[in-house]
Amino acid sequence: MASFSASLSHFSYISPTNASTSLQHDNKIPDSQCAFLLSRRFHSLRKGITLPRRKESPSTGIHASFTDVSLDVSMEEKQLPKGESWSVHKFGGTCMGSSQRIKNVGDIVLNDDSERKLVVVSAMSKVTDMMYDLIHKAQSRDESYISSLDAVLEKHSSTAHDMLDGDYLATFLSKLHEDINNLKAMLRAIYIAGHATESFADFVVGHGELWSAQMLSLVIRKNGTDCKWMDTREVLIVNPTGSNQVDPDYLESEQRLEKWYSLNPCKVIIATGFIASTPQKIPTTLKRDGSDFSAAIMGALFRARQVTIWTDVDGVYSADPRKVSEAVILKTLSYQEAWEMSYFGANVLHPRTIIPVMRYGIPILIRNIFNLSAPGTKICHPSVSDNEDRTNMQNFVKGFATIDNLALVNVEGTGMAGVPGTASAIFGAVKDVGANVIMISQASSEHSVCFAVPEKEVKAVAEALQSRFRQALDNGRLSQVAVIPNCSILAAVGQKMASTPGVSATLFNALAKANINVRAIAQGCSEYNITVVVKREDCIKALRAVHSRFYLSRTTIAMGVIGPGLIGSTLLDQLRDQASVLKEEFNIDLRVMGILGSKSMLLSDVGIDLARWKELREEKGEVADLEKFVQHVHGNHFIPNTALVDCTADSVIAGYYYDWLRKGIHVVTPNKKANSGPLDQYLRLRALQRQSYTHYFYEATVGAGLPIVSTLRGLLETGDKILQIEGIFSGTLSYIFNNFKDGRAFSDVVAEAKEAGYTEPDPRDDLSGTDVARKVIILARESGLKLELSNIPVESLVPEPLRVCASAQEFMQQLPKFDPEFAKKQEDAENAGEVLRYVGVVDVTNQKGVVELRRYKKDHPFAQLSGADNIIAFTTRRYKNQPLIVRGPGAGAQVTAGGIFSDILRLASYLGAPS
Ligand SMILES: NC(=O)C1=CN([C@@H]2O[C@H](COP(=O)(O)OP(=O)(O)OC[C@H]3O[C@@H](n4cnc5c(N)ncnc54)[C@H](OP(=O)(O)O)[C@@H]3O)[C@@H](O)[C@H]2O)C=CC1
Ligand SMILES: N[C@@H](CC=O)C(=O)O
Ligand code: NA
């Protein structure tokens with residue numbers, strides 16, 4: 001048995017066609033004879049004796065049956081034309097997964113208008129695993145390899161039946177049956193030997209590619225296109241290297257390719273991926289990601305204009321999209337960037353795949369076969385224009401990749417400094433246990449060397465180091481060999497990081513803001529990659545933080561909307577309608593991460609779909625919890641800014657603004673409670689606001705969307721002196737007195753104002769004058785007066801008996817009883833040629849304020865209002881004779897929400913949005 005295995009280990013791929021001839025009709029050949037036949041065949045090949053073959057091409061027996069139907073070509077065309085006329089495509093197993101998919105692949109190939117095409121294909125999906133399974137079963141003497149082989153036959157036979165007919169089908173099936181019979185014999189031999197050598201296994205497994213290439217080539221030929229299939233083992237010669245890899249022999253492969261082409265000239269070549277031969281003609285594979293490598297080598301051999309790798313994703317993402325929902329498809333990557341990204345665990349291309357095409361500057365395009373509209377990612381030399389664009393942070397850091405399950409090893413001690421050979425001794429010991437060092441860092445004090453290895457290798461590494469440095473540890477020259485488990489690497493990759501100051505500062509700043517501790521750092525002087533080691537549990541948070549810092553607009557704001565009542569829900573609608581315009585035209589990205597009502601709340605990690613927030617709240621809402629809500633919105637580390645928008649009228653909520661601002665959360669509100677509440681709290685809040693870079697905006701607290709607060713600020717900040725502010729500040733009371741005429745009942749008009757959304761949640765806040773008094777206080781304080789609400793005399797319009805009503809509803813029910821009282825006041829004014837107007841006055845000169853019902857002549861500007869208009873007159877040192885007047889609707893859902901929205905945009909512009 002030993003000698004039989006030895007002969008298998010040297011067998012050549014050219015052999016089996018004939019070796020099986022005598023076996024294929026008789027599956028019942030005794031095991032001993034079967035083994036003998038195979039052994040004899042392989043043995044003779046080793047000695048260079050070739051047994052007679054059936055119907056072979058001059059170079060191989062395997063694809064002979066196709067060349068005899070090839071089209072006639074001139075001598076000139078038989079010479080291999082290299083260069084731009086060729087485009088190379090590679091289709092992986094998923095792309096070749098079924099008859100329909102193979103047909104799609106055929107369409108893609110036919111639609112490529114390149115003059116010449118070479119297509120590299122993998123085995124149909126799952127087939128490679130099925131083939132390995134055959135070998136494992138046969139080696140372990142499991143008879144079921146026979147039925148498994150039948151399944152392989154059935155899969156390819158039924159796929160071929162779906163796509164082919166007539167001669168094309170017959171050609172394929174005859175070859176398939178022949179191969180299956182050969183395999184049956186080979187597997188029998190393995191079964192007897194109880195062993196398969198690597199080259200034997202490679203040979204068996206490579207059939208998947210042989211069959212898929214033949215099927216696709218027949219599908220294309222059926223279409224009338226000149227197409228040949230290539231068994232790349234005839235062309236691609238590789239030398240195994242030590243570490244389960246192979247090095248292509250380009251010179252030999254090129255010569256073989258030329259020879260192959262002279263015998264098989266055509267416009268379309270379908271080549272088998274993954275498989276190759278050694279210089280001794282022993283079948284082998286290109287190992288992991290072999291088909292990509294085949295395509296890259298072929299691209300280089302043909303000097304193709306482009307290599308397209310077809311896959312099932314839209315291209316290379318800026319970060320793993322399963323970890324970072326914001327990840328974007330990169331339009332371009334340089335070869336070095338692709339290389340770095342793949343080293344760091346990003347599913348790009350294996351680095352060795354890039355080398356052959358990089359040598360000739362051939363671009364690699366990564367495209368999605370299931371989404372032809374996606375342009376994909378192009379890997380190429382960076383263009384000059386790319387190099388010049390230094391405005392966008394995304395140009396510096398192209399992508400982020402992570403590697404989990406690592407451990408850091410720290411070798412530390414004073415005895416290392418200035419001692420040549422220490423590093424060599426450390427890494428020599430690591431090499432001896434076969435561990436792979438992923439990253440190394442040593443500070444210039446030479447006091448410690450730290451490096452990362454896969455967690456599963458760290459025990460052996462630590463033991464090897466302990467043993468290697470036993471003496472140094474014992475005598476104190478080394479203080480420790482420490483292992484830090486549960487680490488991850490986060491790498492930022494970008495060719496243009498080189499020579500660009502500030503990129504690492506930005507990266508580390510983002511990590512610091514997200515409260516991530518960095519355990520170790522490495523950056524080589526190529527500057528293409530900055531690697532940091534973090535705790536494994538911090539890795540996703542770190543990835544999101546750095547990704548958003550480089551990829552999200554600086555004015556991405558995570559918002560929490562509190563109080564989705566009339567104003568809050570109108571604001572949400574406005575945000576929904578305007579979000580895409582803001583994002584596309586102004587680079588402002590507003591995400592509502594949470595909506596909190598008094599009873600329930602809705603939270604989202606990426607931003608609530610504002611078209612469906614009410615349904616979502618029904619489906620996914622949870623019990624309202626302010627602390628959890630704030631933590632959720634602010635704790636979302638991948639968005640640079642947080643703003644809470646308080647659309648309640650609640651003083652408890654207003655009481656939190658100070659804490660929020662202190663935590664760096666911006667606050668925007670139409671709620672008057674904070675600015676009209678206790679003076680000391682107000683002053684504390686404003687002082688904090690002025691000291692910090694956190695913003696607090698409340699324009700809608702006075703005059704809703706009208707620019708009242710901002711006008712006053714503008715006057716003050718430019719050095720004007722406010723003398724008096726007088727106005728109709730209540731939309732509700734303006735509406736009521738503008739419409740309380742022609743014999744209408746007072747209570748009806750109040751109900752109408754409530755219905756129109758002008759009133760406070762409880763209309764008594766309006767009628768009592770409290771709401772106006774609050775506005776007066778807000779403007780008085782803004783003007784520098786230190787007044788409390790209680791300092792403002794207020795004339796209440798709420799009838800005395802109704803002040804104690806338990807609810808707004810009860811108040812509204814009782815109000816009609818008092819209609820005659822109001823009618824009397826209105827008639828008196830009317831009879832005097834006057835109108836009633838409810839006004840507020842801030843008398844800055846005398847440091848006081850008042851709120852009362854006044855009568856104005858009908859030609860007074862205050863008498864000219866309509867609807868819910870507010871009118872505010874600023875008398876100042878500059879506007880003394882003619883006050884500065886702001887007038888317009890000062891209540892109502894749309895204008896109020898619009899005022900809040902414009903505060904949010906003001907915040908965005910303070911945060912850096914373009915003006
Ligand atoms: N209407 C207008 O024209 C103007 C209004 N404003 C101000 O806008 C604010 C909102 O007014 P409006 O929309 O009319 O009022 P609504 O009563 O319609 O809405 C108030 C909302 O706040 C919620 N809420 C109350 N307390 C809490 C709490 N502790 N936690 C979470 N949510 C809470 C309520 O929730 P739930 O429904 O679950 O009880 C409700 O959704 C007020 O401050 C008002 O002064 C400012 C300018 C103009
Ligand atoms: N209820 C208020 C709304 C604005 O603050 C009003 O009527 O003005
Ligand atoms: Na306003």
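How do the residues of the shell around ligand 1 divide into nonpolar, polar and charged? The legends below take this up first. This is a predicted model, in which local features need pLDDT of at least 70, side-chain atom pairs count only at pLDDT 80 or more, and totals for chains, interfaces and linings use all residues. Residues are numbered from 1 along each chain as its sequence is written, while chains are lettered from A and ligands numbered from 1 in the order in which they are written.

**View 1. The shell around ligand 1.** Here 30 residues surround ligand 1 (C-beta atom, placed from the backbone, within 6 Å of it). Gly563, Gly565, Ile567, Gly597 and Ala649 are the closest. The shell holds 15 nonpolar, eleven polar and four charged residues (Ala, Val, Leu, Ile, Met, Phe, Trp, Tyr, Cys and Pro are nonpolar; Asp, Glu, Lys and Arg charged; the others, Gly among them, polar).

**View 2. Elements that supply the ligand 1 shell.** At least two residues each come from α22 (566–586) and α25 (651–654); helices are DSSP runs of H or I with at least four residues, numbered from the N terminus. With three residues, α22 gives the most. Domain 3 (555–698 + 902–910) and domain 4 (709–890) each provide at least three, with bounds from an automatic or database domain assignment.

**View 3. Helix α9 packed with helix α11.** Residues 166–193 (α9) and 207–222 (α11) pack at about 175°, their axes 10 Å apart; axes are lines fitted to C-alpha atoms over the stretch in contact, and angles run from 0 to 180 degrees between N-to-C directions. The pair is therefore roughly antiparallel (over 145 degrees). Contact residues (C-beta atoms, placed from the backbone, within 7 Å) include Phe172 and Leu176 of α9 and Trp211 and Leu218 of α11.

Definitions and conventions. Angles under 35 degrees count as roughly parallel, over 145 as roughly antiparallel, 65 to 115 as roughly perpendicular and the rest as oblique. Two residues are in contact if their C-beta atoms, placed from the backbone, lie within 7 Å.
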